[in-house]
Amino acid sequence: MDKIEILWVDDEVDLLKPHIMFLEEKGYAVDTVNNGYDALDMVAEKNYSLVFLDENMPGIDGLETLQRIKEKHQNLPVVMITKSEEESIMEDAIGSQISDYLIKPVNPKQILLSLKKHLDTRRLVSEKTTSNYQQEFRQIAMDMASVNSAQQWSDLYKRLIYWELELDKLDDEGLNGILLSQKQEANSQFFRFITKNYQDWFEGDEDAPMMSHKLVKDWVKPDLNESEKTFLVVIDNLRYDQFKLLQPELEKYFTVTDEQSYYSILPTATQYARNALFAGLMPAEIKKRFPDKWVEDNEEEGKNNFEEDFIKDQFKRLGLSGTSVGYEKVTNHNYGKKLAENLSNLMTNDFNVIVYNFVDMLSHSKTDMKVIRELADNDKAYRSLTLSWFQNSPLLDMLKQLADKKVKVLLTTDHGTINVTEATKVVGDKSLNTNLRYKTGRGLSYQDKDVYEVKDPEDIHLPKQNINSLFLFAKEDLFFAYPNNYNHYVKYYRNTYQHGGISLEEMIIPFVRLQAK
């Protein structure tokens with residue numbers, strides 16, 4: 001194995017021989033020069049892994065040498081070494097992107113630690129992460145066998161996501177494959193848990209989790225007070241793992257004071273879950289209360305056109321008639337920019353809702369656009385694409401403005417999504433809805449083992465299209481396909497993101513309180 005090449009720049013380099021000998025004994029190759037000009041020449045001639053740079057040298061000093069190195073070798077780690085403890089020098093060095101800052105006199109162990117921190121971190125982290133996950137894998141497998149409540153499933157899912165994001169950093173296909181298998185097993189058991197318990201959650205079950213239709217009443221209303229503006233930001237179709245990737249960006253401007261998860265109702269689809277969230281009612285009750293505003297699955301018109309009416313009606317029922325409510329739905333980039341430019345107009349309201357639809361559009365685009373299929377080939381890429389969007393989105397601009405204005409922000413979503421891999425056959429009449437993860441209609445033929453069947457939708461507070469209608473929810477990562485032209489259909493929809501069914505990814509979703517820094 002080739003030795004790691006180090007350059008040490010110090011006008012008293014002869015005094016450093018014990019340090020250099022120590023590093024050479026540890027397997028490093030160290031070149032030395034005593035001024036900035038020679039350092040620039042050496043860096044231009046050889047590919048060093050790291051530079052130790054004295055701050056106080058005759059000729060061009062360490063800070064100027066640092067700046068010139070960074071102009072041509074931006075990613076080369078430079079460790080500044082100085083006798084001075086002046087804050088201004090430290091700030092100048094940090095602003096010039098140093099990797100570390102050591103105060104003389106330094107001992108050999110300090111130097112070795114700095115080298116390992118910057119050159120061996122990836123290997124050491126990889127080894128430690130691998131070791132820790134191997135231990136956690138066994139513990140998760142044991143815990144999975146005893147999970148028997150909605151809260152325990154939320155906790156287990158968050159542990160799986162934590163390790164998924166940690167293993168993403170390692171690019172270890174073997175470990176990622178093991179984790180994927182463990183998630184698949186978890187989804188299989190989660191499906192059995194939902195089919196056994198979901199209906200009971202509407203019948204006074206003490207273990208019932210927070211769900212879509214109770215979210216505003218129980219988790220949003222307590223945050224409202226007359227002296228503080230509050231924004232509820234609903235990012236459509238945002239999974240918990242996607243939120244965790246966005247969290248560091250949010251924490252530049254906000255403190256996450258509370259991070260929780262809640263359960264999307266079934267179907268985990270916008271028409272049902274988001275309408276329930278805003279109305280504070282289950283879909284069957286929405287249809288009864290607003291018969292002219294509920295649109296059935298097989299009807300063509302928009303199915304989320306009355307969210308503003310629903311949230312204002314809920315506020316009245318909650319005794320919040322005196323709270324002024326604003327509502328905005330962003331469905332394209334230009335409208336998002338316009339809203340960000342005029343965000344101050346919303347500050348006259350006590351409470352504002354912003355629904356942001358980009359992530360949902362990204363999910364659907366993977367089905368319809370070849371380029372998105374290639375860019376979001378797996379969950380890791382899908383998360384990365386979501387982060388790239390967020391970092392350059394009008395939504396982030398809006399959130400920055402809200403942080404500047406010290407506005408409280410509640411951030412959540414309506415449901416998640418899952419990458420579907422296998423098909424299960426379903427047959428129905430022409431009125432059958434088109435969603436790939438749930439079906440509602442009559443006279444359906446299907447594979448019993450692949451679905452959660454609800455023969456009477458009213459048992460789970462869903463509306464009936466007609467007296468014989470039932471609901472089917474696909475399990476795990478399955479999607480419904482018709483026997484006609486089956487192979488073409490399966491090929492087209494396999495490895496696309498869909499929602500409406502039963503999976504950890506679709507049902508367990510984030511709710512976060514953000515306080516401006």
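Predicted model: local features only at pLDDT ≥ 70, side-chain atom pairs only at ≥ 80, totals over all residues.

Residues are numbered from 1 along each chain as its sequence is written, and side-chain values use heavy atoms, with hydrogens and water left out.

Let me begin with the interior. By a nonpolar core I mean a set of buried Ala, Val, Leu, Ile, Met, Phe, Trp, Tyr and Cys residues joined through side-chain atoms within 4.5 Å, where buried stands for under 20% relative accessible area, exposed for over 50%, and partly exposed for what lies in between, using a 1.4 Å probe and protein chains only. The largest such core has 74 residues, and the members that touch the most others are Trp 153, Phe 190, Ile 194, Tyr 198, Tyr 263 and Phe 473. Its largest share, 9 residues, is supplied by helix H7, residues 150–168; helices (H or I, at least four residues) and strands (E, at least two) are DSSP runs, numbered from the N terminus. Apart from this core lies another one, of 32 residues, with Leu 250, Ala 340, Tyr 356 and Leu 402 among them.

What does Ile 194 touch, not counting residues up to four places away in sequence? With contact taken as heavy atoms within 4.5 Å, the answer is Trp 201, Tyr 263, Leu 266, Ile 502 and Met 507.

Now to the rings. Rings of Phe, Tyr and Trp (its six-membered ring) pair if their centres lie within 6.5 Å, and planes under 30 degrees apart count as stacked, over 60 as edge-to-face and the rest as tilted. By this rule there are 29 aromatic pairs. One of them, Phe 190 with Tyr 263, is tilted, with 6.3 Å centre to centre and 35° between the planes. Phe 190 lies in helix H8 (residues 173–197) and Tyr 263 in strand E7 (residues 254–263), so this pair ties together parts that are 73 residues apart in sequence. Both Phe 190 and Tyr 263 are buried. Tyr 198 and Phe 202, by contrast, form an edge-to-face pair, at 5.2 Å centre to centre and 75° between the planes. Tyr 198 counts as buried because its relative accessibility is 0%, and Phe 202 is buried too, with a relative accessible area of 18%.

Strand E12 (residues 422–427) pairs with E17 (residues 478–481) in the parallel sense over 4 bridges, and Ala 423 stands opposite Phe 479 in E17. With E14 (residues 445–446), E12 pairs in the antiparallel sense over 2 bridges, and there Val 427 has Ser 445 as its bridge partner.

From the sheet I turn to a loop. Asp 11 is found between strand E1 (4–9) and helix H1 (17–25), and is partly exposed, with a relative accessible area of 33%. Asp 11 and Asn 56 are 45 residues apart in sequence, yet their C-alpha atoms are 8.2 Å apart in space.

Last come the salt bridges, each a side-chain nitrogen of Lys or Arg within 4 Å of a carboxyl oxygen of Asp or Glu. The whole structure holds 38 of them. One joins Asp 309 and Lys 293, at 3.2 Å from N to O; Asp 309 lies in helix H13 (residues 307–317), and Lys 293 in the loop between helix H12 (283–289) and H13, 16 residues apart. Another joins Glu 476 to Lys 475, with the closest N and O atoms 3.9 Å apart, and both of these residues are buried. Finally, salt bridges that share partners join Glu 164, Asp 168, Lys 183, Arg 239, Asp 241, Asp 379, Arg 383 and Glu 505 into one network.

Key
Pairing = 2+ DSSP bridges.
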